[in-house]
Amino acid sequence: MLPATLIAAIATNKLVLNLKNLWRNYSRLTLGQTLILFLSLLLLIIGVSKAFYHMNPVNNFNAYVKQREEIVELIHSGQLKGEKQSSAADYNRGIKINLPEKFKNLSQQGQVSAIANGGVLEVIFDHSTIGFFGDGVNYLIYRSDSDEQKSAFFLAQKFHFTHLEKLKDRWFFLANSY
């Protein structure tokens, strides 16, 4: 965050100085150089703002909801399968499923967890955030019966998280407390 902000501030400062020089001494600075600098700054601002927009899990969810729903449908129909977790650390996290290449960016490490219990399917997408130390993780959770109070993942992990928020019918956002 800081390097991108610093680069944008330096480029803005350079642009302002170049515009002042352009008006004072046109022969030393061409209009083309200023235009190139302005366009570069504009593209930098667009890139940084898009990155910050997608860091917010709710914005990221809204941007890719159709792709996530497609993954849930593939899991529900049995076209995507994974391996059951057996370690104590992964207790109650169900099955880890590797996503197809075109969906790898929708969850950390290109994997989701799926829990099927009593006819209810729960699919958990990890969403990384940039916390104070750059290590935050939040979760986007699909639950087929829309009952956030019975979410197996939430119940198993609730002491680590601040809140569970409903994003859409059957979709929830679980925020960590870091």
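Me: What is the relative accessibility of Arg 170?
Reply: Arg 170 sits at 35% relative accessibility, so it counts as partly exposed. Buried means under 20% relative accessible area, exposed over 50%, and partly exposed in between (1.4 Å probe, protein chains only).

Me: Where does Arg 170 lie?
Reply: Arg 170 is in the loop between strand S6 (161–168) and S7. Helices (H or I, at least four residues) and strands (E, at least two) are DSSP runs, numbered from the N terminus. The phi of Arg 170 is positive, about 80 degrees, although Arg 170 is not a glycine.

Me: Before I go on, what kind of model is this?
Reply: It is a predicted model, where local features need pLDDT of at least 70, side-chain atom pairs count only at pLDDT 80 or more, and totals for chains, interfaces and linings use all residues. Residues are numbered from 1 along each chain as its sequence is written, and side-chain values use heavy atoms, with hydrogens and water left out.

Me: Back to phi. What about Gln 109?
Reply: Gln 109 has a positive phi too, about 60 degrees, and it is not a glycine. Gln 109 sits in the loop between S2 and S3. Its relative accessible area is 73%, so Gln 109 is exposed.

Me: Big picture now. How many helices and strands are there?
Reply: The protein chain has five helices and seven strands. Along the sequence, they follow the pattern α-α-α-α-β-β-β-β-β-α-β-β.

Me: How much of the chain is buried?
Reply: Of the 178 residues in the protein chain, 36% are buried.

Me: And how many contacts join residues at least 24 apart?
Reply: Take the contacts between residues at least 6 apart in sequence: 40% of them join residues at least 24 apart. Contact means heavy atoms within 4.5 Å.

Me: What is in the largest nonpolar core?
Reply: The largest nonpolar core has 21 residues. Such a core is a set of buried Ala, Val, Leu, Ile, Met, Phe, Trp, Tyr and Cys residues joined through side-chain atoms within 4.5 Å. Ile 71, Ile 75, Val 112, Val 123 and Phe 125 have the most contacts inside this one.

Me: Which elements give two or more residues to this core?
Reply: They are helix H4 (65–76), strand S3 (111–117), strand S4 (120–129), strand S5 (136–143) and S7. H4 gives the most, with five residues.

Me: What else is there besides that core?
Reply: There is a second, separate core of eight residues. Ile 124, Ile 141, Phe 172 and Leu 174 are among them.

Me: Let's zoom in on Phe 125. What is Phe 125 in contact with?
Reply: Leaving aside neighbours within four places in sequence, the contacts of Phe 125 include Arg 68, Ile 71, Leu 106, Val 112 and Trp 171. Phe 125 also belongs to one aromatic cluster with Phe 61, Tyr 142 and Trp 171.

Me: How many aromatic pairs are there?
Reply: There are three aromatic pairs. Why is the pair of Phe 61 and Trp 171 tilted? Their ring centres are 5.2 Å apart and their planes are at 50 degrees, so the pair is tilted. Rings of Phe, Tyr and Trp (its six-membered ring) pair if their centres lie within 6.5 Å; planes under 30 degrees apart are stacked, over 60 edge-to-face and the rest tilted.

Me: Where in the chain are those two?
Reply: Phe 61 is in helix H3 (residues 57–63) and Trp 171 is in strand S7 (residues 171–176). They are 110 residues apart, so the pair links distant parts of the chain. Phe 61 and Trp 171 are both buried.

Me: What about Asn 60, buried or exposed?
Reply: Asn 60 is buried, at 10% relative accessible area. Asn 60 is in helix H3. Its side chain makes a polar contact of 2.8 Å with that of Arg 68. A polar contact is a pair of N or O atoms within 3.5 Å; within protein, one must be able to donate a hydrogen and the other to accept it, and residues adjacent in sequence count only if both atoms are side-chain atoms.

Me: Last one. Which residues is Asn 98 in contact with?
Reply: Beyond neighbours within four places in sequence, they are Leu 80, Lys 104, Gly 110 and Gln 111. With Gln 111, Asn 98 makes a side-chain polar contact of 2.8 Å. Asn 98 lies in strand S2 (residues 95–98). Asn 98 is partly exposed, with a relative accessible area of 47%.
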